[in-house]
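Hi there,

Here is the structure I promised to pass on. Have a look at it first, and then read my notes below.

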Amino acid sequence: MESVPSLERASPARSLRPTELGLVSLGWAIVFTGMVSLIWATKRELLGPALWPLLVLVGGYLSAYLFLVWRRWEGDEYLLPLVNILCGLGLIQVTRLSPSLVEKQAVWLALAFLLLLLTLAAPWPNLALKRYKYTAALLGLGLVGISLVFGTDPNGSGARLWISYGGINFQLSEVMKVLLVVFLAAYLDDKRELLSMGSYRLWRFNLPPLPYLGPLLAMWGLSVVVLVAQRDLGAVMLLFGVFLAMLYMASSRLLYVWAGVGLFLAAAYAGYQVFSVVQRRIDIWLNPWADPQNTSFQLVQSLVAIASGGVLGTGLGHGYPNLIPAAWTDFPFAALTEELGIMGGLAILCLYALFTFRGYVISLRAPTSFEQLLGAGLTTTLGLQALIIIGGNIRLIPLTGITLPFISYGGSSLLTNFVLVGLLLRIAGRRERTSGFES
Amino acid sequence: MKANISRVASLLLLLMLVAGLYVGYWGVIVAGDLTSNPQYNRFRLLEAENRDQRGRFLDRHGTPLVWSNMTASGQVREYVDSSLGHVVGYHSHIYGDSNLEESLSKWLTGSEGLSPQYELQAKLLAEPKRGADVTLTIDEQVQKAAEQALGDSKGAVVALDPRTGEVLALVSHPGFNPATLDQDWESLSKNQDAPLLNRATQGLYATGSTFKVVTLSALLERGIVTNQDQVDCPTEMTVEGYQIVSNNQPPGVTRTDVAHAFAYSCNTAFASLGLRLGGYRLEQSAKQFGFEQKPPFDLPTAASYVYVTPDFLLSQPALAATSFGQGELQATPLQMALVAAAIANQGTIEQAHLVKQVVSAEGVVLYQAEPKVWLKPISAQTAAAVAQDMILAVKEGWSSKAAIEGVTVAGKTGTAEIGGGRPPHAWFIGFAPAEDPRVVVAVIKENGASGPAQGAPIGGEVLKAALSSSE
């Protein structure tokens, strides 16, 4: 039984995870109320098709819950309630903006819960992941290669973010982000000492031996390749941001961060010069008022949507979020903020902040440095992704094509984010076991 | 490493705080600028419009004139009569709103004037809100009669109740059909006849002899003459080399009393009377009747002028010509109707208005017009004396074609020379019944050649329609 330590629990008493259950019920109450009021306000005939996806949410959670209770899992009781309400908001916004997609989204959600269970039930210890770091790296590189060759642009957005197979479009950067974090956590954990001390001086700086910097520079190169392959600033910002954050967390060297930011800006500037997609998005960001009817129509409509919601919002079904083109994938935040108001928008931000906060707490409590790095990396990924797309919706940064975790319509995003949550829960669960028993 | 994780965590949470503040910036601080700018918000406003049912316009008896039908492709504004364009204005998704559709839009759309309970109920039941209904002072029968009486001619008709200032009919030709404005816009805006101009309230016309009502009022009010005074009425006279011809009076009459000089519209008599009155006093009187200011009204109005060139009335020929209605006089049909209203209403002009009442979908009265005195140009005695002369004009003078059987009608025609070889404009102003006036009318028929022949009959038709409708 040595091989499955993370799933064994020492305490004989079975916890029913009361905090989690209470919070999830609260979330369901909010989501159900929202969905019912939305259906009431818009198309009452949608009642059937829109309500069963909520049952997927309930059923999915309950199966995860039963699994956790059965395995006498202790640990974090906050992540799943947060994921629950975010997914519920996602179902609401898809129902609101593109009702024909909600059943598809529910199927994705069911698969995502299944993947969560598989992640939780995997009989290997977390540390086993460390052994497969190069596998993860190779898989990631393979995906980049695939997207270089087969990348498609089904939505006509100009960014080749997807691969298509059998009518299903899969967004590669979503999968890549988890692989990247796993690789980096393992690699940086091994090379931590070397990276943070430095073995020779270059001008005023102590630098580690070049061979160890190599993979890191390769990482930068990879980002550039992603930029070239997919022409999407959002994925690059996310991957590179997570990379820098993890490098800093492992090495304590701000120098790397500044050098990385410099390299990133250089690459972004080059991308601006070379790729019209990147250039257009940055121009729109800098001055959306120049051409509000055409090129910047989407962003301006997003801002007007937020503005017309006011503090309390128009109420679900009473606004006009459909005026933002493709709102269900690119602008769910603006669409929800119009109808739920600034209060709703801030609440969504708070949900992501709470998720991030809990994620970091889990990481800080993790028993091994690898798990600490892994947890912090995964948390940073999710938090940064939410920030990048929300920031794009509100013109804080250029708009990009990445998804709003759990809320945006899209299967690849949902599946990978549930794996991410599963990994975080595993890290949290392992702490309970070690602190309670092994030590 | 734990310290580093905490720092990254703090940074990320701080950035989320910044994002939150920025959401507040868009949603609160600049929200008004964004939502009020149609360049950014046009589609949203349009959708909002289509969702809620725009209120109706009703005539004074409650007959619907304009209403909105909800169709699958949005809301369609329906009009009982295409001549209403100049009354209510247009409501276009492309060209915006005009006139009452614009000025009353907050009530018509229901964006104001509905109780929180109603708003909440509409929201909860997901039902469209209904905008307020506007009751106009317009009488549909009178409006129709005025429309028909003017026919295809260019010109305008204003009919109002002198006791209250309520406008019963307001016609401007050529008009436009508000229902097909979007399709017609191109041709309407290019049309030389300016169909989008409301001639009744903003069309400036040479007044012709209708202005003699003002001159006569000024003379009687100041006691310079009385109706019984004899005045010379030669067929020709010369003022400082300016020749005035008068061929209106019955043949052979060269001296008559003031009343008949008015009834037969003797230009030479009024020229010499005007010279006795003086330019300053004539202008003062005209101002007291409302010239040289925009009459307050529910639609945009233009100010009428006694002259345009500075110090025009200091010249004797100019003063003589102005006194009998030529010179540089320019007046709107509305202004001339208000001049007649002063005579009809014992020297007092009630403020003209078009909107009687605005009632919300919940039955709450949002607006109620109250009669309000605008001007008091002359005494009741003077008004009565001028009225006598106007009755005479209809009875035996040049305004006889305005006569209605069994009703005493008072009136004054005008034939306004406009030069350039074009036929003069035909005018008529008048009221009925003369003993207790209930309706005043002003008619202008562009290039109608003759006030007595072309203006007076239209006036008579409209007066008749108004009297029969109000009984």
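**What I found**

Of the 439 residues in chain A, 54% count as buried. Please keep in mind as you read that this is a predicted model. Chain A contains 16 helices and four strands. If you take the contacts in chain A between residues at least 6 apart in sequence, 74% of them join residues at least 24 apart.

**Where the two chains meet**

Chain A puts 45 residues into the contact, and chain B puts in 30 residues. On the chain A side, five helices each supply at least two residues: H1 (18-41), H9 (233-251), H12, H14 (332-365) and H15 (369-393). The one that gives the most is H14(A), with 12 residues. By residue type, the side of chain A that touches chain B has 29 nonpolar and 16 polar residues, and no charged ones.

From H12(A), Val300(A), Val304(A) and Ser308(A) meet Tyr40(B), Asn41(B) and Arg44(B) of H3(B). Sorted by type, the residues of this contact between H12(A) and H3(B) are three nonpolar, two polar and one charged.

**A sheet in chain B**

Now for chain B, where six strands make an open sheet with mixed pairing, in the order E3-E2-E1-E6-E14-E15.

- Strand E6 (residues 133-136) and strand E14 (residues 355-359) of chain B run antiparallel and are joined by four bridges. Thr135(B) stands opposite Gln357(B) of E14(B).
- E14(B) and E15(B) also run antiparallel, with three bridges joining them. Here Val358(B) has Tyr367(B), in E15(B), as its bridge partner.
- The hairpin of E14(B) and E15(B) has five residues between the strands, and in this hairpin Gly363(B) takes a positive phi near 90 degrees.

Happy browsing, and do write back with any questions.

Best wishes

Technical notes:
Residues are numbered from 1 along each chain as its sequence is written. Chains are lettered from A and ligands numbered from 1 in the order in which they are written. This is a predicted model: local features need pLDDT of at least 70, side-chain atom pairs count only at pLDDT 80 or more; totals for chains, interfaces and linings use all residues. Two residues are in contact if their C-beta atoms, placed from the backbone, lie within 7 Å. Ala, Val, Leu, Ile, Met, Phe, Trp, Tyr, Cys and Pro count as nonpolar, Asp, Glu, Lys and Arg as charged, and the others, Gly among them, as polar. Two strands pair if DSSP finds at least two bridges between them. A residue is buried if 20 or more other C-beta atoms lie within 10 Å of its own, exposed if 12 or fewer, and partly exposed in between; C-beta atoms are placed from the backbone.
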